[in-house]
Amino acid sequence: MSTQPTPNTGLDAQLVGQLNALAASLTPAQLAWVGGYFTGLSAQNAGSALPAVAAAGGGDPEAVLTVLYGSQTGHARSVAEELRDAAQEAGLAVELVSMGKFKEKNLKKLKYVAVVTSTQGEGDPPDDALNLVEYMNSNKAPKLEDFQFAVLGLGDSSYEFYCKTGKDFDARLEELGGKRILDRVDLDVDFDDGAEAWIPQAVEAFKDIIPAGGASAAAPATGSFGATAPAVHYSRKKPLQTRLLTCQKITGRHSEKDIRHIEIDLEDSGLTYQPGDALGIYFKNDEELVNDLLRLLEIDPAETVHVNDEPKPVKNALLENYELTLLHPGFVTEYTELTEAPELMKIVAETESLRDYVETRQIIDVVREYPDALAPEIFIGLLRKLTPRLYSIASSQSEVEEEVHLTVGVVEYEAHGYPHLGGASGYLGHRLNEGEDVLIYVESNDNFRLPEDDNTPIIMIGPGTGVAPFRAFMQERAAKDAPGDSWLFFGNPHFTEDFLYQTEWQEFLEDGALTKIDLAFSRDQEHKVYVQHRITEQARELWNWIQRGAHIYVCGDESRMAHDVHQALLDVVAEKGGYSTEEAEDYLVQLRKDGRYQKDVY
């Protein structure tokens, strides 16, 4: 058993142990009540008035709304935080709890619960929800007769299993005996407006059923006890306006890829981040793309549309407010209904053909292939709101201080007879000039963190721009002089053109911060070599590192790379651990649950 140092509170170790044991036995709602109770006693001893709950002689510790969230990239957490704030403003006692920190056996002790959860890829729960999902679907799941709930699901309708995790929670909680007090709501990637509408509905629904006199609404949230909130808080809804410092191409002249090293100013902003976090970037669409769309749709750029009930020239709205590059099935289906194009009707009639069509096109491609005259309000009604793009942060503030760095691959390609450019990557790499303003915020990612113990070995697998967070990891470990071993697997097409941050990795190796590096330059030999091949080649040593407690991190392309790397890791575990295929899969699942196998894939 590990021993944690006793905080300097004036309490002896035995009393601290008793408090820890008590805390472990309480539900989040009960913790909130106890927090409010002792805060009240402290205030009373200092001559201040007690909180209402204590002054009234107690209150019901179960009359608390528990906001339970499962979040991979941070979006579900941010919505859950907004719900908590709104509920507190309405006078409710609220406890905000990550599913990753929730004790599953306490589920049966809760009474009023709002679930906010995202869905990953093809219907997978976020990493921090894995244990709770498994528990709820096991024979250990409790009966929930006194349980009243509402569910909000976040997802991406481009995927077949849209918002599956939210749907599964909603159905399973009802199967276990819970009472749904509000119909489940599923929100797409442009979730802001939908969340803004759902939150007050949820607050009112819970306010109607939670008895008055519960725990103090002002009770501190469970977490870093005694810590104060930062004076400045930037978010998706309140981004920081700052400036671009550097946009430097870091691939060679003859590279197939245009990869940029981006540096953004944080001076005097108070904005902080941790290695593993992502940076949200607000961007504007390409003016040439907007002009082409307006011409094809026969729309006057000066015509007025309404954005959030405010009038705006349609050209400005398309530049600043609507998604124009990421095509999704919903747009194609609705555009087909308006244009009645026979070929499109055949495409949307088959799910697979529709998904294949969407995969290789942007919105402009659909309009080019099937142009039609549309009223501006009608056209923007087909579009998703423009959402910020998230990029893995490629720096540690221990090293770069009041800056934040990114590694951005500019999406640029020819298709269907025309050049195409990514929305945010084109903005950062081509349209935004050094010194110009940019809006940013940090999206905390607790599912992609360095081990708390600096002695723990880490294995980092990040081909291409997936290497970004590992630059941050190594800067952090070097700054702390962390003794734990570090191993990087990196790959790209060519050594001479595409070895991102080559001199930095060499310096980390020389300094001892980086223990080992394995490289896979796929086009430098007759047979293509990728990072998964290097993993297989290093199976024996990799297994030894895992046996020593190493944490494994994977960052980069989800559709192919992450799948191939996962299969290579399965092969290593099966071969060197002596497991069957099924046992090896269970082994990796357990590593994920234990926080030792973490992914930041896109």
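User: In which loop is glutamine 274 found?

Analyst: In this predicted model, where local features need pLDDT of at least 70, side-chain atom pairs count only at pLDDT 80 or more, and totals for chains, interfaces and linings use all residues, glutamine 274 is found in the loop between β8 (259-265) and β9 (278-282). Residues are numbered from 1 along each chain as its sequence is written, and side-chain values use heavy atoms, with hydrogens and water left out. Strands are DSSP runs of E with at least two residues, helices are runs of H or I with at least four, and both are numbered from the N terminus.

User: Why is glutamine 274 called partly exposed?

Analyst: Buried means under 20% relative accessible area, exposed means over 50%, and partly exposed lies in between (1.4 Å probe, protein chains only). Glutamine 274 has 42% relative accessibility, and therefore counts as partly exposed.

User: How far apart are glutamine 274 and valine 442 in sequence and in space?

Analyst: They are 168 residues apart in sequence, and their C-alpha atoms are 9.3 Å apart in space.

User: What makes threonine 242 buried or exposed?

Analyst: Threonine 242, in strand β7 (residues 240-249), has a relative accessible area of 10%, so it is buried.

User: What lies 2.5 Å from a polar atom of the side chain of threonine 242?

Analyst: The backbone oxygen of aspartate 265 lies at that distance. A polar contact is a pair of N or O atoms within 3.5 Å; within protein, one must be able to donate a hydrogen and the other to accept it, and residues adjacent in sequence count only if both atoms are side-chain atoms.

User: Why is glutamate 352 called exposed?

Analyst: Glutamate 352 is found in helix α12 (residues 351-359). Its relative accessibility is 53%, so it counts as exposed.

User: Which residues gather with glutamate 352 in a patch of negative charge on the surface?

Analyst: The patch also holds Glu122, Asp124, Glu160, Asp356 and Glu359. Patches are made of residues with over 30% relative accessible area and no salt bridge, like charges being joined within 9 Å and nonpolar side chains (Val, Leu, Ile, Met, Phe, Trp, Tyr) within 5 Å. A salt bridge is a side-chain nitrogen of Lys or Arg within 4 Å of a carboxyl oxygen of Asp or Glu.

User: What is the phi of glutamate 298, and where does this residue lie?

Analyst: Glutamate 298 has a positive phi of about 60° although it is not a glycine. The residue lies in the loop between α8 (287-296) and β10 (304-307), and is exposed because its relative accessible area is 61%.

Definitions and conventions: Accessible areas come from the Shrake-Rupley method with a 1.4 Å probe; for residues, only the protein chains shown count as cover. Lys and Arg count as positive and Asp and Glu as negative; His and the chain ends are not counted. The place of a charge is taken as NZ of Lys, CZ of Arg, CG of Asp or CD of Glu.
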